[in-house]
Amino acid sequence: MATENKNLSVYDKASIGNVTGLKIGLVVSEWNNNITEPLFQGAFDALIDCGIATSDIIRWNVPGSFELTFGAKKMLETQAVDAVVAIGSVIRGETSHFDYVCSATAQGIKDLNVQFNVPVIFCVLTDDNLQQSIDRSGGKHGNKGTEAAVAALKMALLGK
């Protein structure tokens, strides 16, 4: 497991650079909100900790992870953001629905990175069970939202 020996919440602020004036979008899935809200909070807190003003953080909600691509696309088209973090959680169930949603969401976010000159960060947990999601949204493996926010800042600065 990729996160077994890593704490997703640990980062070196000094390695990020000057983020003053960056505007970051957070598109958050309402599905599995017991997971996506802690992911959002981890991302939000990391952005603030790194120096992003609260007024430079835009949050939009979408119904589920499948809708993250459209939400991020509309944000890229209508807001002057320097990066977008797509926050979602898909937990395997009894049908193949999991595979379709995970694949389409990953491909959609990848496509946005190719189509737009603004980075879109994939912060979608694709776990086999609820405990794995809890462990990665502030639990024993830290918070993937924190890691995604730091990636957004680094990628936004790369584009400057």
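This is a predicted model: local features need pLDDT of at least 70, side-chain atom pairs count only at pLDDT 80 or more; totals for chains, interfaces and linings use all residues.
Residues are numbered from 1 along each chain as its sequence is written, and side-chain values use heavy atoms, with hydrogens and water left out.

**Helix H2 and Met 75**

- Helices (H or I, at least four residues) and strands (E, at least two) are DSSP runs, numbered from the N terminus.
- Helix H2 spans residues 68-78, and its buried residues are Leu 68, Thr 69, Gly 71, Ala 72, Met 75 and Leu 76.
- Those buried residues fall within an arc of 165° when you look down the axis of H2, so they line one face of the helix; the arc is that of the directions from the helix axis to the C-beta atoms.
- An α-helix has 3.6 residues a turn, so residues three or four places apart point the same way.
- The cover over the buried residues of H2 includes strands S1 (24-29), S2 (57-62), S3 (83-91) and S4 (120-127), along with helix H3 (97-115).
- Met 75 is buried, with a relative accessible area of 0% (buried means under 20% relative accessible area, exposed over 50%, partly exposed in between, with a 1.4 Å probe and protein chains only).
- Leaving out residues up to four places away in sequence, Met 75 touches Gly 25, Leu 26, Val 27, Ile 58, Trp 60, Val 81 and Val 84 (contact means heavy atoms within 4.5 Å).
- Met 75 and Val 27 are 48 residues apart in sequence and 8.3 Å apart in space, C-alpha to C-alpha.

**The nonpolar cores**

- A nonpolar core is a set of buried Ala, Val, Leu, Ile, Met, Phe, Trp, Tyr and Cys residues joined through side-chain atoms within 4.5 Å.
- The largest core has 27 residues, and those touching the most other members are Ile 24, Leu 26, Leu 47, Ile 52, Val 85, Ile 87 and Leu 153.
- Two or more residues of this core come from each of S1, helix H1 (33-50), S3, S4 and helix H5 (144-158), and H1 gives the largest share, seven residues.
- A second, separate core of 19 residues includes Val 62, Met 75, Val 81 and Phe 98.

**Helices that pack together**

- H2 and H3 pack at an angle of about 15°, with their axes 9 Å apart (axes are lines fitted to C-alpha atoms, for helices over the stretch in contact, and angles run from 0 to 180 degrees between N-to-C directions).
- That makes H2 roughly parallel to H3 (angles under 35 degrees count as roughly parallel, over 145 as roughly antiparallel, 65 to 115 as roughly perpendicular and the rest as oblique).
- Where H2 meets H3, Leu 68, Thr 69, Ala 72, Lys 73 and Leu 76 of H2 face Ala 104, Thr 105, Gly 108, Ile 109 and Leu 112 of H3.
- The axes of H1 and H5 come within 7 Å and cross at roughly 45°, and these two helices are therefore oblique to each other.

**Two loop residues**

- Asn 32 lies in the loop between S1 and H1, and its phi is near 60°, a positive value in a residue other than glycine.
- Most residues other than glycine have a negative phi.
- Asp 82 lies in the loop between H2 and S3 and is buried, with a relative accessible area of 17%.
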